[in-house]
Amino acid sequence: MTLSILLQIVWTGLAISSYAVLFAMAFSLILKVVKIWNFAQAGFMGLVFYTLYVCLNILAWPMWAGVLLSFVVTGLAAIAFFRFGIETLRARHSSSLTFFILTLVVSQFMSYFFAMCFGTEPLTITKNIMSPVMLVGGIVVSHWDLQALGLTVLTVLFLFWVMHKTHVGQFMSAVADHPGLARLYGIDVNRIYLYTIALACLLMTVGMYLFGLKVAMLPNTPLQMMLLAVIATLLGGMGQVFGAAAAAVLLSLLQSLSVFVIPSEWQSLLIYAFLFMTILFFPEGFSWTALKSWFAWRRA
Amino acid sequence: MIHPQRRPFLALASAALTLSALSWSPLSMAQATDTIKFGLSMPLSGTQALFGADQVKAAQMGVADINAKGGVNGKPLEMILIDTQADPQLGINAAKRFVSVDKLPIFLTSWSAVVKAVAPIANREKVLELSVGANSPEIATLGDYVYTTFPLADVDVAALAQYSHTTMGKQNAAVMYINNDSGVEGANIYKTMFEKAGGKIVAFEAYDAKATDFTGALLKVKAANPEIIHIQGLITDLPQVIAQMRQLGITTRVSSYSAGYNPKVIEQLGAAAEGLIVTSLAPSVNDNPNVAGFINRWKTTENRIPNGLPYTQYLYDSPYIVAELYKWIAKNKLPATGENLRKALLAIKTFDLPMTGMLEVSADHRVKKPVYLLTVDKGAFVPLATIK
């Protein structure tokens with residue numbers, strides 16, 4: 001292993017982590033504010049991709065129009081899901097297991113729906129997946145890498161601004177802490193849920209746009225990608241959206257760098273190992289407080 | 001109250017009504033339509049449906065053409081189709097259904113993992129299992145009732161490995177492979193044959209089936225400085241591997257097996273696909289005039305050429321093999337059992353098939369066919385060599 005190989009793997013791992021970060025943040029945001037484990041996110045990720053695919057390859061629209069329509073279509077579908085699915089279950093005081101089953105069923109249904117409409121052929125947003133490259137200090141940097149990192153940083157900064165510098169963000173924190181109390185203070189909780197869903201859809205749209213430019217997609221691909229989003233959410237700390245982002249970067253880099261110590265075909269195994277350890281030792285999500293408590297328990 | 005003298009009449013009338021109702025039942029209709037049945041289990045859904053669906057269409061075309069010419073000894077050939085999703089468990093369910101419910105003495109299937117999973121059922125129930133399209137060399141050792149009608153990986157991958165060293169003069173090679181049955185076995189065959197021919201394998205890297213980033217494995221391959229890189233992958237990952245390879249500045253020539261013989265590879269890679277070498281185990285339009293008609297038929301009915309053209313050629317021919325087996329047992333006045341169909345297969349031995357030409361089934365459960373090598377030149381697959 002040379003320094004240039006290490007730097008190349010780190011660079012490529014960072015670039016690849018871009019869409020993982022966005023998906024993890026979307027998942028974590030919904031969990032934080034709406035308080036559901038939204039496995040239906042996989043279905044909505046698929047909806048973004050296939051809408052974009054139709055716009056570009058069948059309707060021959062420009063990219064910006066396709067991305068805009070994907071965001072709008074996915075947003076409307078997500079809002080309809082929450083309005084008619086989640087809120088119905090909430091009104092019935094359904095158990096958390098029922099919510100879990102609903103979100104899984106929706107994502108599976110959408111996966112089969114896409115397979116019916118588009119077949120199971122691997123598809124990319126653009127016909128050609130090659131991206132121009134340049135050498136920067138001996139490291140191969142592709143245009144896609146720069147676009148992925150740039151868009152991800154901008155999206156994360158936008159989300160940070162919304163959550164920490166705007167009233168909407170403050171209200172989202174209030175609703176996340178205690179929706180009943182937030183309602184008493186005059187916050188329109190349902191409207192905050194809508195804003196949260198819109199932000200999550202924005203994150204998914206940017207993520208799937210980047211993913212679709214680089215990798216061929218099958219109808220069940222988003223379900224596989226959800227695993228990293230879930231683990232990053234747990235590792236980053238429950239309710240810690242930016243913690244989930246950091247965890248997604250860490251997991252992607254670890255997966256990429258692991259090739260130096262384990263055979264490359266075992267890289268995916270790492271994700272399952274992290275999931276196992278997280279559920280075993282941090283079932284409520286990782287936090288420094290939980291870590292300190294665990295060490296205290298070990299000492300006792 | 002019914003008059004006593006009318007009771008026998010009423011009983012007789014009821015019996016007559018019942019009998020006429022039965023004569024319209026599906027059971028009797030099935031008996032009236034006497035067909036020669038065989039099973040076909042293929043992935044019609046799931047990740048492999050891209051190929052499976054087209055292969056089924058090709059088999060259906062074969063059945064239709066046979067029936068248009070009078071069927072098998074005047075009886076129509078009927079294919080019973082079940083979806084496996086290329087999943088071994090679903091394959092087992094399909095095989096059990098063929099055996100226990102449909103009472104079929106023969107069925108066809110594909111995808112190495114499925115072929116292996118259902119082999120015990122075929123052997124235990126003495127039902128003839130024909131593998132069409134799967135290429136794991138293990139298929140030749142799965143038991144008395146399992147035969148392949150498609151050359152196994154040790155035919156085309158072995159020929160490619162030898163060609164790379166002996167004809168192309170490559171002294172060292174790298175192998176990248178997907179971590180599943182097809183990938184592992186094919187990669188091992190390439191490695192063994194390349195080394196046997198006198199070459200050296202300088203890198204041997206697997207990648208996970210769900211991976212989207214191959215940088216680590218590719219950099220290891222790059223560091224080994226091979227003269228040729230063989231990729232034993234699937235159509236879902238092969239273009240990504242080559243794309244990332246070229247983007248990392250690896251300009252080494254690439255080879256793959258028949259899974260790479262797909263126009264989507266060229267479409268997705270553009271100029272990066274130039275020089276790619278792939279194998280085909282079925283004759284092209286230049287070698288067999290029937291193939292041109294087959295392709296035109298697809299263009300007319302489906303507005304495209306089939307995915308995995310060589311595989312669809314084999315699937316088109318597979319009902320013809322079934323038809324020949326049934327003709328043999330009818331000629332020898334034997335009942336249609338798996339045992340007798342197996343006898344027929346070994347007795348006939350050589351089949352002259354419309355799309356793939358001569359096929360010889362040997363007692364060691366293998367078949368031998370020429371290997372056609374193609375390469376991408378100016379954006380299209382062109383013939384490179386034929387290895388007999």
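Is helix α1(A) mostly covered or mostly uncovered, and how many of its residues are buried? Mostly covered: 23 of the 31 residues in α1(A) are buried, where buried stands for 20 or more other C-beta atoms within 10 Å of a residue's own, with C-beta atoms placed from the backbone. Before going further, keep in mind that this is a predicted model, in which local features need pLDDT of at least 70, side-chain atom pairs count only at pLDDT 80 or more, and totals for chains, interfaces and linings use all residues. Residues are numbered from 1 along each chain as its sequence is written, while chains are lettered from A and ligands numbered from 1 in the order in which they are written.

Let's stay with α1(A) for a moment. This helix covers residues 3-33 of chain A and reaches 43 Å from its first C-alpha to its last, close to the expected 45 Å (1.5 Å times one less than the number of residues). Helices here are DSSP runs of H or I with at least four residues, strands are runs of E with at least two, and both are numbered from the N terminus. Along the way, α1(A) bends by about 35 degrees at S18(A), the bend being the angle between axes fitted to the seven residues ending there and the seven starting there. Just after the helix, K35(A) takes a positive phi of about 65 degrees.

α2(A), residues 41-58, and α3(A), residues 63-91, pack at about 145 degrees with their axes 8 Å apart; the axes are lines fitted to C-alpha atoms over the stretch in contact, and angles run from 0 to 180 degrees between N-to-C directions. Among the residues that meet are F44(A), L47(A) and V48(A) from α2(A), and M63(A), V67(A) and L69(A) from α3(A). Contact requires C-beta atoms, placed from the backbone, to lie within 7 Å.

What about the partner chain? 30 residues of chain A are in contact with 31 residues of chain B. α1(A) gives the most to the chain A side, with five residues, and β2 (139-142) and α11 (267-281) of chain A each give two or more.

Finally, look at F381(B), which sits in strand β15 (residues 380-387) of chain B. Why is F381(B) counted as buried? Because F381(B) has 22 C-beta neighbours inside 10 Å. Leaving out residues up to four places away in sequence, F381(B) touches Y261(B), L374(B) and V376(B). N262(B) is 119 residues from F381(B) in sequence, yet their C-alpha atoms are 8.9 Å apart in space.

Note on methods:
A residue is buried if 20 or more other C-beta atoms lie within 10 Å of its own, exposed if 12 or fewer, and partly exposed in between; C-beta atoms are placed from the backbone. Two residues are in contact if their C-beta atoms, placed from the backbone, lie within 7 Å.
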